[in-house]
Amino acid sequence: MLKQIPYGISSFKDLRDENMYYIDKTKYIENLEIKPRYQFFIRPRRFGKSLFLTMLETYYDIYEKDNFQKYFGDLYIGKNPTPNANKYLILPISFADVISDQGKDKLIESFDEIVCREIDKCIQKYSKILKRKELPDDKTSAIYALGFLRGIAQAVNAKVLILIDEYDNFANNIMTNNKDLYYALTHQDGY
């Protein structure tokens, strides 16, 4: 059977499970680990940023340890793993659905909802490690949720890797269409 070209596929595991063509970018993992802790990738749309993030998610996820050979065995990093392979709890967040065209309050509400939802999913996924089953229902602030996750992870000596996708989606919309809102959100006391 001929391999397929994975146009529009942003899931590394799906791509590998379906034996599609993959240009090995796993060598960049070594480079990322010697760079500063916070990385910011700027590339055009449809350039593989989401696929790259799901590859990192699979590589670093503590729950993917048993699948390391399956997904990475024939790739560069499979032959040259770093000490950080499969050592983290992963918090993937996509800001693709942030509502940025209905004012400041709606933007903040949707941002908080997205962050809290993804943190809740993270806590549920790693509940055996974190010794918690969910984020408290009465807390709906992204800042609170991040602090809560940090606290329960530190309590069990676990490390969380946050992978953020589509960060530019709502930010570009605000900068282009509502400069006053942009300045209100990003000034010294802004959200």
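Leaving aside its neighbours within four places in sequence, which residues is Pro-6 in contact with? The first legend below takes this up.

**View 1. Pro-6 and its contacts.** Pro-6 sits in the segment before helix H1 (12-17). Its contacts, once neighbours within four places in sequence are set aside, are Leu-15, Met-20 and Tyr-21; contact here means heavy atoms within 4.5 Å. Pro-6 is buried, with a relative accessible area of 19%. Buried stands for under 20% relative accessible area, exposed for over 50%, and partly exposed for what lies in between (1.4 Å probe, protein chains only). Phe-111 is 105 residues away from Pro-6 along the chain, and 30 Å separates their C-alpha atoms.

**About the model.** This is a predicted model, in which local features need pLDDT of at least 70 and side-chain atom pairs count only at pLDDT 80 or more, while totals for chains, interfaces and linings use all residues. Residues are numbered from 1 along each chain as its sequence is written, and side-chain values use heavy atoms, with hydrogens and water left out.

**View 2. The protein chain as a whole.** Here you can find 10 helices and two strands, in the order α-α-α-α-α-β-α-α-α-β-α-α from the N terminus on. Helices (H or I, at least four residues) and strands (E, at least two) are DSSP runs, numbered from the N terminus. Along the principal axes, the C-alpha atoms fill a box of roughly 50 × 40 × 30 Å. The protein chain has 191 residues, and 36% of them count as buried. Among contacts with a separation of 6 or more, 66% come from residues 24 or more positions apart.

**View 3. Helix H8 and its length.** Helix H8 covers residues 142-155, which makes 14 residues. The expected span is 1.5 Å times one less than the number of residues.

View 4. Look for Ala-142, Ala-145, Phe-148, Leu-149, Ile-152 and Ala-153, which are buried in H8. Seen down the helix axis, the buried residues of H8 fall within an arc of 125 degrees, so they line one face of the helix. The arc is that of the directions from the helix axis to the C-beta atoms. On the other side of H8, Ile-143, Arg-150, Gln-154 and Ala-155 are exposed.
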